[in-house]
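I opened my notebook to look up a few packing details in this model.

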Amino acid sequence: MTTSASLIFNPNAGQNGPVEDLVTIREVLEPKINLDIRPSHKGVSTPELTHQVIKEGAQMILIAGGDGTISSAVEALIGTDIPIGIIPRGTVNAFAKALNIPTNVKAACEAILLGRPHRVDTATCNGKPMIVLIGIGLEPETIAHSSRRLKKQFGMLSFVLAVIKELRQFNTFETWVETENETINLQAVAVTIANTAAPTSLLAHGPANVIPDDGLLDVTIFAPSNRKNAFFGAYHLLRSGFTDDATNRGDIQYLKAKNVKVKTKPLQKVSLDGDPIEATSVEISCIPHSLNILLPALDNFTFE
């Protein structure tokens, strides 16, 4: 185990207080690792901190924050061999859940001490780093209408509840989804392109098991013909996330590809790793085995 590490710590993330979490992190890790603690703040952003510690020769980088913090930190780490430890402190923690990393701070730190390095995929969306998924249409609408209170209380379940509420509106759009092998054109309520996906990432599980290290993106196109089918389809997608059984519905299409382009008419809201972005179209490319993540040391561990 490396004896020193830089800890990029976002004090604004998480449901617990930052002082409480930082005490826990130090209690578990400092007996084994010499921690260089770098909190992010208004004057120094997470990407700046990451570039700084890499330049200073960090042997290991630990990231304590939510999906947004992790996504912004790993931009400088893509393609490097630096071991990365994830300490989830967000309200959703989709990336950690997809990689079987404990979402409890103490357990996550213990997993880092016992963990094994494993290379997982990342992606870029319009040139920006992507670790979880891109949502078009329904996904960003649910994020926009999920209150911070519900996120803190229910985590990812708050998005499931918001999806059910948003489906009542049944807003459709025309979409063109282009990959290196085919182009699909239809009316949809949601298009999701996933690099990783937690079981509760409702709209990403058309293909069921989204594999984080297969070098491919997983595309789910949710295209129900009416409100009733939209609710049934949402149920099947949620079940797929927990059972790893792919959906078998004509109004849910899914495919795997290395590169994906999506256009919509009219223009739709777009979310990147849970945050809204401005885009008239999106172009996503997978970067296989580009992050060296410390994952729990489980016997016969596999994503398949």
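Predicted model: local features only at pLDDT ≥ 70, side-chain atom pairs only at ≥ 80, totals over all residues.

**Entry 1: cavities**

I asked how many cavities of 30 Å³ or more there are. The count is 2. I then turned to the second largest cavity, which holds about 50 Å³ of space.

Which residues line the second largest cavity? I listed I136, V262, K263, T264, Q268, V270, A279, T280, S281 and V282. Two elements, β13 (259–265) and β16 (281–295), each give two or more residues to this lining. The largest share comes from β13, with 3 residues. Sorted by class, the lining has 5 nonpolar, 4 polar and 1 charged.

I stayed with β13 and looked at the loop between β13 and β14 (270–272), where P266 is found. The peptide bond that joins K265 and P266 is cis. I noted its omega as about -5 degrees.

**Entry 2: α1 and α5**

Two packed helices are described by the angle between their axes and the distance between the axes. I looked up both values for helix α1 (residues 18–29) and helix α5 (residues 105–114). The angle is about 30 degrees, and the axes are 9 Å apart. Angles under 35 degrees count as roughly parallel, so α1 and α5 are roughly parallel to each other. The crossing of α1 past α5 is right-handed.

Which residues make the contact? From α1 I wrote down D21, T24, I25, V28 and L29. From α5 I wrote down V105, K106, C109, E110 and L113. By class, this contact of α1 with α5 has 6 nonpolar, 1 polar and 3 charged residues.

**Entry 3: α2 and α3**

I took helix α2 (residues 46–55) and helix α3 (residues 67–74) next. They pack at an angle of about 45 degrees, with axes 8 Å apart.

On the α2 side, T46, P47 and T50 make the contact. They meet T69, S72 and A73 in α3. I sorted the residues of this contact into 2 nonpolar, 4 polar and no charged.

**Entry 4: a positive phi**

Last, I checked N126, which lies in the loop between β5 (116–125) and β6 (128–130). Its phi is positive, about 50 degrees, although N126 is not a glycine.

Notes: Residues numbered from 1 in each chain as written. Heavy atoms only, no water. 1 Å grid on protein atoms, 1.4 Å probe; cavity = no way out; pocket = protein on both sides within 12 Å on 5 of 7 lines; lining within 4 Å. Points joined across faces, edges and corners; volume = space filled by probe spheres on them. Helix = DSSP H or I, 4+ residues; strand = E, 2+ residues; numbered from the N terminus. Nonpolar A, V, L, I, M, F, W, Y, C, P; charged D, E, K, R; others polar. Axes fitted to C-alpha atoms, helices over the stretch in contact; angles between N-to-C directions. Contact = heavy atoms within 4.5 Å. Parallel < 35°, antiparallel > 145°, perpendicular 65-115°, else oblique. Left-handed = near helix turned anticlockwise from the far one by under 90°.
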